[in-house]
Amino acid sequence: MPAPVNVAAHLARLAAADPDRPAVHVPRRGVNARRPDADEYATLTFAQLHAASDAIAHGLTAAGIVRGTRTAVMVPPGVDFFTLTFALFKVGAVPVLIDPGMGVRNLGTCLAEAEPAAFIGVMKANLARKLLGWGKRTVRTTVNVGRWRWLCGHTLAGLRDTGLSRGPFPVPDVAAGETAAVLFTSGSTGVAKGVVYTHGVFAAQVELLKATYRIEPGEVDLCTFPLFALFGPALGMTCVVPDMDATRPADIDPAKAVAQMKRFGVTNLFGSPAVIRRLGDWAVTNPTKLDTLRRVISAGAPASVDALERFSTLLPPGVEVFTPYGATEALPVANVGSREILGETQHLTAQGKGVCVGRPVAGVTVAVIPISDGPLSTWDESLCLPPREVGEFVVRGPVVTKAYFGRPDATRLAKIADPATGDVLHRMGDVGYLDDRGRLWYCGRKSHRVETPDGTLYTEMVEAIFNAVPAVSRTALVGVARGGTTYPVVCVEIPPRPLLERFRAEPWGPVVAALRERGRRHDHTRAVATFLKHPGFPVDVRHNSKIFREKLAVWADRKLGPDWNPGAGSQGRPSLGLKGGAK
């Protein structure tokens, strides 16, 4: 008999096998880093989480939220988030999950596009829904997660009370191809799109994560990314909810996070590069060891070498930081550890060879095809480029989603059908190459490439050169057009200075001189001559790590002004040290 594909089936299994083990710990108030043992937590065992989600599932059904009902969920991480989400999976409803930090206008656009029939949120979300008209055309059932109904038809507590006496909820036997959820992308490289997740994709992700990272039942997870928190109970891990604003991971309080990890014996930490950077910076002046950690997983953008080195001082011997490669549309795709990065690949990255994101995980294959901006309707093996030639990554495997919700044009651009196998392949929108050892090297987003008279430049290959200048925090390559020609411009972020020094004029001239000298040492950056100081790069709301280069390009264009004369600037066509380039 095949294993059930509904994620909720994992919870039922764990509740039967280990009913008294904690499933979720949520701080009732803020964490006191100095006295973490005195903090109070709301804790649910696996049996309690299973029973509470059963009761809510009965209540959802009574309220009209049934199998296939698209339901917008705007609830922060906590007990209600876990019980509600598993209840929706048990019902067979379709949760619609959107990052609340993307802004009011974008949230409204995403909700209108998803056409939810139900809306479940905290008071603030329901107030915004009412005032701004979110989902007014399609939403028929509303639920407030709070004490009162607040302009809603139901409260979550009321739905739970409705189902308390009805016993176990009969979980439907869903098909692998049935829609399980709609998860919106962060919109870091364009408009946010709803990715259709099937139950089969969720099930495949659980198995791949378990196998890739050797996650065992009984582990404890501190998850700073809410969507990944859903996998915790499914993987048999106890989830500790961190004391932080989930929409601003870069503002995590390292002392509180470390206190929670030590109190609960956390074995697994999932965090964006912004979280890794914050914890690593804190460790410089607060040396300690997180002795219970078995692994750290950082995703969302490449983590810097400096951040990995500083963070690694917190880890016990033999433990490393894994930086999986993937996207909302396909995750995980590839994996690499900090031992390989710090011991080998960082040196090639510093030479402008791109960022190594590892080898494809088991069951997933990655091909590199010529760069193009139009659709490719049918897969053909002849599209594949040889190793070391830069092109676009294309992914095949059980974790690949097949469509965007309500966006057929975006689906045509991102998906390729293979008539020989029936598979749907996903175009990652990322450019890079495969080396002779089968490793993927990420060179940047396809939409961020800069096509200049001297050749095509890729962000990760160019920025790594200039990031090595000591006075620089990070850089971002953009293109600025003048007279029908695009010229490369590098935006430069300077590290924040102590308060008293901010009032003195910053010596920008020597920084520019150092940047130009650095650029002249490498063929592919020799033609870059324009550098602009920026006060602080705009980044994505999900991970606080991906740079919004589209916004920086507009800023650079305005900063330079219409009379800017880039000059000749051409010193020969750049060589990337690789074959090919943009086709």
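Against which strands do the buried residues of α5 pack? The structure is a predicted model, in which local features need pLDDT of at least 70 and side-chain atom pairs count only at pLDDT 80 or more, while totals for chains, interfaces and linings use all residues. Residues are numbered from 1 along each chain as its sequence is written, and side-chain values use heavy atoms, with hydrogens and water left out.

In helix α5, which spans residues 123-132 (helices are DSSP runs of H or I with at least four residues, strands runs of E with at least two, numbered from the N terminus), the residues Ala125, Asn126, Ala128 and Arg129 are buried, that is, under 20% relative accessible area with a 1.4 Å probe and protein chains only. Seen down the axis of α5, these buried residues fall within an arc of 160° (taken from the directions from the helix axis to the C-beta atoms), so they line one face of the helix. The buried residues of α5 pack against β3 (70-74), β5 (118-121) and β6 (141-144), where contact means heavy atoms within 4.5 Å. On the other side of α5, Lys124, Lys130 and Leu131 are exposed (over 50%).

An open sheet of 3 strands has the order β25-β26-β27 with mixed pairing, two strands being paired if DSSP finds at least two bridges between them. Its edge strands are β25 (474-482) and β27 (530-534), each of which pairs on one side only. Strand β26 (residues 485-493) runs parallel to β27 and is joined to β27 by 5 bridges; cysteine 491 has leucine 532 in β27 as its bridge partner.
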